[in-house]
Amino acid sequence: MELRAVVAAVQSGEQETILRALQGYNQEKSQCFSFEKEEQEERKHLGCLLIKFLEKDLQPSCQVTCLETIRILSRDKHCLDPFTTMTGLQTLARHAGIEYSETFIREVPDLDVTVEALKCLSNIVFSSGKAQQLSAEARLVAGLTERVKLYAERKFPHDVKFFDLRLLFLLTALRVDVRQQLASELRGVSLMTDALEITLGAKWLDPYEVASEQNEPLFIPRQELERAMEILKVLFNITFDCSRKEADEEETATFRHLGALLRHCLMMSADGEDRTEEFHSHTVNLLGNLPLKCLDVLLTPKVQPGSIEYMGVNMDAVNVLLNFLELRLDRGHKLRENLTPTLNLLTESARVHRPTRKFLKAKVLPPLRDVKNRPEVGNSLRNKLVRLMTHLDTDVKHCAAEFLFVLCKESVSRFVKYTGYGNAAGLLAARGLMAGGQAEGDYSEDEDTDTEEYKEAKPNINPVTGRVEEKFPSPMEGMTEEQKEDEAMKLVDMFDKLSRQQVIRPMGVGPDGKLTSLEAVVHRMAEERASSNSNSDSD
């Protein structure tokens, strides 16, 4: 149907005529996502007419049809003007049942009308900065949270809940002030944690352990999965800086409760590996926001038949995280986004929980037996992580190196043993540990256990490559001392030439353990020698 004819039908004001015209337009444009520029002004005009028409007392079927048309029009980012006014936004919010008022009315509009209005608002808020600002001023987030509170006592259809949560996610993702409002004023962490608990149908054995069937895989249905992931994304937005703040007693209890639910999420699977991976990804991202002292709930559940036990502790959740890490490593796609959250979470967990660190070390860095191959060669998890230590992406290589360093209790000699000095040099230089030693950290005194194979090969291992190298004949064999000295001088001249041309810059290790220019090192040594001579003369 021609757009001009639709506009004329709406201008007529007759409900039946308008309904027929809009239904025809909606059917024709239902799958349209690109629009002709020539009709842009007419689409804006139609949008204005529909907003005014929705303010009348209409039948729900007519309201749904009008909102379907607005949803189609809202796909065009250049025609959002009629909907990015306070009047337009409040009209849509009223039909969605989330218009804010001091006394929130708990009556819910027709559910089909609600869903369509929520879809319209999601499109508009996503595409328009002005709509985002107006949504914040209209306090739509307060209206949304009031309905989320009703989830425990009323049964809403999946689509209403899903689009409530989707709009809440968009508002908190796009507006810092809305994020802060939900987190603080509206007690969003507790509210969304309760919503997640309801969605998962969680039952509690104790305050920090969700009940589960022994030896039975936990499965989350598709609709519950979709809602749970939206909740996890909202929670991620409003807890983004929580790990950097000191939580009080009440907040700590809330975060521990949430952490226990997230552990339950890790133990669940969805319909298909990709959906399960996506669900676990959102879970891991959120776990990384929680204060470190709250992560102990990952180890809280008692050891059950079929559980993975280490040092008397249930390691099921940690094992899922490790398997998830390896899955992401093998995919090799967008490593910074997909890998660093899991690496950071495991690193910090290992740093503060000794059983977690020892379990991860046993899995990732078992006692060395293969000393013939470089640490980065092979298909073990250790090999894969060592390869990342020389990755082009700085964040990726830093996270991988930091994880392995913590598993080595931040001991330089142990770190070099498992990775080779060449791979370890980047982290050691950044930490000021080029000369060896151990970083500050609260670790036990237990010693690393060497295998017989490693002990036997240790004297012949090249510390730079981390493996036993083949013995080659000395290139200076058969040379006289004069010839050796001559070759040495040639090498000095070559280094000097490259240095003067600034192709290379000779470096040394400074007193802080970090790399510094060789000139500075020589200058410092000369000063120390002069100071020493001065002291001896005065004596």
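# Salt bridges, a covered helix and a surface patch

User: New to this one, so where do I start: what does arginine 43 form with aspartate 76?

Analyst: Arginine 43 forms a salt bridge with aspartate 76, and their closest N and O atoms are 2.8 Å apart. Please keep in mind that this is a predicted model.

User: Where do those two lie?

Analyst: Arginine 43 belongs to helix α3 (residues 40-54), while aspartate 76 sits in the loop between α4 (60-73) and α5 (86-96), so the pair ties together parts that are 33 residues apart in sequence.

User: Is arginine 43 buried or exposed, and what about aspartate 76, buried or exposed?

Analyst: Arginine 43 is buried, with a relative accessible area of 2%, and aspartate 76 is buried too, at 8%.

User: How many salt bridges does a search of the whole structure find?

Analyst: The search finds 35 salt bridges. One of them joins the side chains of glutamate 116 and lysine 119, at 3.8 Å from N to O. Those two residues are three apart in helix α6, so about one helical turn separates them.

User: And what else does glutamate 116 touch, outside its sequence neighbours?

Analyst: Not counting residues up to four places away in sequence, glutamate 116 touches Val64, Leu67, Glu68 and Arg71. Glutamate 116 counts as buried because its relative accessibility is 6%, under the 20% limit, whereas lysine 119, at 22%, counts as partly exposed.

User: Which residue does lysine 293 meet in a salt bridge?

Analyst: The side chain of lysine 293 meets that of glutamate 246, at 3.5 Å from N to O. This pair links distant parts of the chain, with lysine 293 in the loop between α14 (273-287) and β5 (309-310) and glutamate 246 in the loop between α12 (222-238) and α13 (249-266), 47 residues apart. Lysine 293 is partly exposed at 38% relative accessible area, and glutamate 246 counts as exposed at 68%.

User: Which residues do salt bridges with shared partners join into one network?

Analyst: That network is made up of Glu348, Arg351, Glu402, Glu410 and Arg431.

User: Switching to the inside, how many residues are in the largest nonpolar core?

Analyst: The largest nonpolar core has 146 residues, and Phe279 and Phe415 are the ones with the most contacts inside it. Leaving aside neighbours within four places in sequence, phenylalanine 279 is in contact with residues including Leu200, Ile220, Leu225 and Met268.

User: How many of the residues of helix α20 are buried?

Analyst: Seven of the eight residues of α20 (residues 412-419) are buried, which leaves this helix mostly covered. Phe415 is among those buried residues, as are Arg414 and Lys417. The cover over them includes α17 (354-364), α18 (381-388), α19 (394-407), α21 and α22 (452-457).

User: What is tyrosine 421 in contact with?

Analyst: Beyond its neighbours within four places in sequence, tyrosine 421 is in contact with Val416, Leu428, Met434, Pro463 and Val464. Tyrosine 421 and proline 463 are 42 residues apart in sequence, yet their C-alpha atoms are 5.8 Å apart in space.

User: Last topic: which residues form a nonpolar patch on the surface?

Analyst: The patch is formed by Leu491, Met494, Phe495, Leu498, Val503 and Ile504, which together have about 550 Å² of accessible area. Leucine 491 has its place in helix α23 (residues 481-500), and is partly exposed, with a relative accessible area of 45%.

Conventions. Residues numbered from 1 in each chain as written. Predicted model: local features only at pLDDT ≥ 70, side-chain atom pairs only at ≥ 80, totals over all residues. Heavy atoms only, no water. Contact = heavy atoms within 4.5 Å. Patch = residues over 30% accessible without salt bridge, like charges linked within 9 Å, V, L, I, M, F, W, Y side chains within 5 Å. Areas by Shrake-Rupley, 256 points an atom, 1.4 Å probe, with all protein chains shown as cover. Salt bridge = Lys/Arg side-chain N within 4 Å of Asp/Glu carboxyl O. Helix = DSSP H or I, 4+ residues; strand = E, 2+ residues; numbered from the N terminus. Buried < 20%, exposed > 50% of the residue type's maximum accessible area, 1.4 Å probe, protein only. Core = buried A, V, L, I, M, F, W, Y, C linked by side-chain atoms within 4.5 Å.
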